[in-house]
Amino acid sequence: MTRRFLFVLGSARADGNTELLARRAAEQLPPDVEQQWIDLAEHPVPDFEDLRHDSDHVRPTEGNVALLLDATLAATDIVIASPLYWYSVSAQTKRYLDYWSGWLRTPGLDFKATLAGRTLWGVTALAHSQPEVADPLVGTLNNSAAYMGMRFGGVLLGNGSKPGDVLNDTEALARAKTFFAQEAPPARFVY
């Protein structure tokens, strides 16, 4: 299968530090690798409604939820590009991941089996000098990948608060050059 990267942008700010860092990393991908970028601020989805004890979910056929579902199913690599908001992913990103719960329960979709073996990556910018504060974000993505039977490529961390700050983080920019070239191991729960 030809590699196809889906970049899910979860920032409340256009062209923010997280997106800048993700684009620097994506520049290193070979030209034959397809890329799709979806900005959740431009393609908002409603709050997720959990129907698992009431009825089955129905496959969406139009709108932003259908766009995200189709893009997710088509991707070999999913990149969650979310700034660190209150020590985890942004609300928009969390809402997108919540939809995975419904897609798991959509008849005929085989969402979990489809994503199994594919790779989940993360990119985030944080305004803190200690990268450990991003551990809850990393845990969210790792555990999501582990549950789905996916590979987890880790999270590319960059430092920045004001727009463009991450471009001064030379260590993050250096890591971005090889981030997607690394072999992503199967995701494992920490226990």
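In this predicted model, strands β4 and β5 pair in the parallel sense through seven bridges. Within that pairing, Ala-125 stands opposite Gly-158 of β5. On the other pairing of β4, five bridges join the strand to β3, and these two strands also run parallel. Here Val-79 has Trp-121 of β4 as its bridge partner.

β4 is mostly covered, with eight of its eight residues buried. Thr-119, Trp-121, Val-123 and Ala-125 point one way from the strand, while Leu-120, Gly-122, Thr-124 and Leu-126 point the other way. Residues of both sets are buried.

**The sheet**

These strands belong to an open sheet of five strands with parallel pairing, in the order β2-β1-β3-β4-β5. β2 (34–39) and β5 stand at the edges with a single partner strand each, so one side of each has no neighbour in the sheet. Direction ignored, neighbouring strands are turned by 15° against each other on average. At the β2 end of the order, β1 and β2 pair in the parallel sense over six bridges. Arg-4 has Glu-34 as its bridge partner in β2.

Helix α1, residues 17–26, packs on the sheet and touches β1, β2, β3, β4 and β5. The direction of α1 makes about 135° with that of β4. Helix α3 also packs on the sheet, where it touches β1, β3 and β4. The direction of α3 makes about 145° with that of β3.

| Helix pair | Axes come within | Crossing angle |
|---|---|---|
| α2 and α3 | 11 Å | roughly 80° |
| α3 and α5 | 12 Å | roughly 10° |

The axes of α2 and α3 cross at roughly 80°, which makes α2 roughly perpendicular to α3. From α2, the contact is made by Val-65, Leu-68, Leu-69 and Thr-72. From α3, Tyr-96, Tyr-99, Trp-100 and Trp-103 take part. The residues of this contact divide into seven nonpolar, one polar and no charged.

For α3 and α5, the axes cross at roughly 10°, which makes α3 roughly parallel to α5. Leu-97, Trp-100 and Leu-104 of α3 meet Thr-140, Leu-141, Tyr-147 and Met-148 of α5. This contact of α3 with α5 comprises six nonpolar residues, one polar and no charged.

**The nonpolar cores**

The largest nonpolar core has 37 residues. Those with the most contacts inside this core are Ile-78, Tyr-96, Trp-100, Trp-103, Phe-111 and Leu-120. Two or more residues each come from the strands β1 (4–9), β3 (77–81), β4 (119–126) and β5 (151–159). The helices α2 (63–74), α3 (91–104), α4 (111–115) and α5 (135–148) likewise give two or more. Apart from this core lies another, of 21 residues, including Phe-5, Phe-7, Leu-21 and Ala-22.

Ile-78 illustrates the contacts in this region. Not counting residues up to four places away in sequence, Ile-78 touches Leu-6, Val-8, Thr-72, Tyr-96 and Trp-100, among others. Further residues that Ile-78 touches on that count include Leu-115, Thr-119, Leu-120, Trp-121 and Met-150. Among these partners of Ile-78, Thr-72, Tyr-96 and Trp-100 also take part in the contact of α2 with α3. Trp-100 is also one of the α3 residues that meet α5.

Definitions and conventions:
Residues are numbered from 1 along each chain as its sequence is written. This is a predicted model: local features need pLDDT of at least 70, side-chain atom pairs count only at pLDDT 80 or more; totals for chains, interfaces and linings use all residues. Side-chain values use heavy atoms; hydrogens and water are left out. A nonpolar core is a set of buried Ala, Val, Leu, Ile, Met, Phe, Trp, Tyr and Cys residues joined through side-chain atoms within 4.5 Å. Buried means under 20% relative accessible area, exposed over 50%, partly exposed in between (1.4 Å probe, protein chains only). Helices (H or I, at least four residues) and strands (E, at least two) are DSSP runs, numbered from the N terminus. Contact means heavy atoms within 4.5 Å. Axes are lines fitted to C-alpha atoms, for helices over the stretch in contact, and angles run from 0 to 180 degrees between N-to-C directions. Angles under 35 degrees count as roughly parallel, over 145 as roughly antiparallel, 65 to 115 as roughly perpendicular and the rest as oblique. Ala, Val, Leu, Ile, Met, Phe, Trp, Tyr, Cys and Pro count as nonpolar, Asp, Glu, Lys and Arg as charged, and the others, Gly among them, as polar. Two strands pair if DSSP finds at least two bridges between them.
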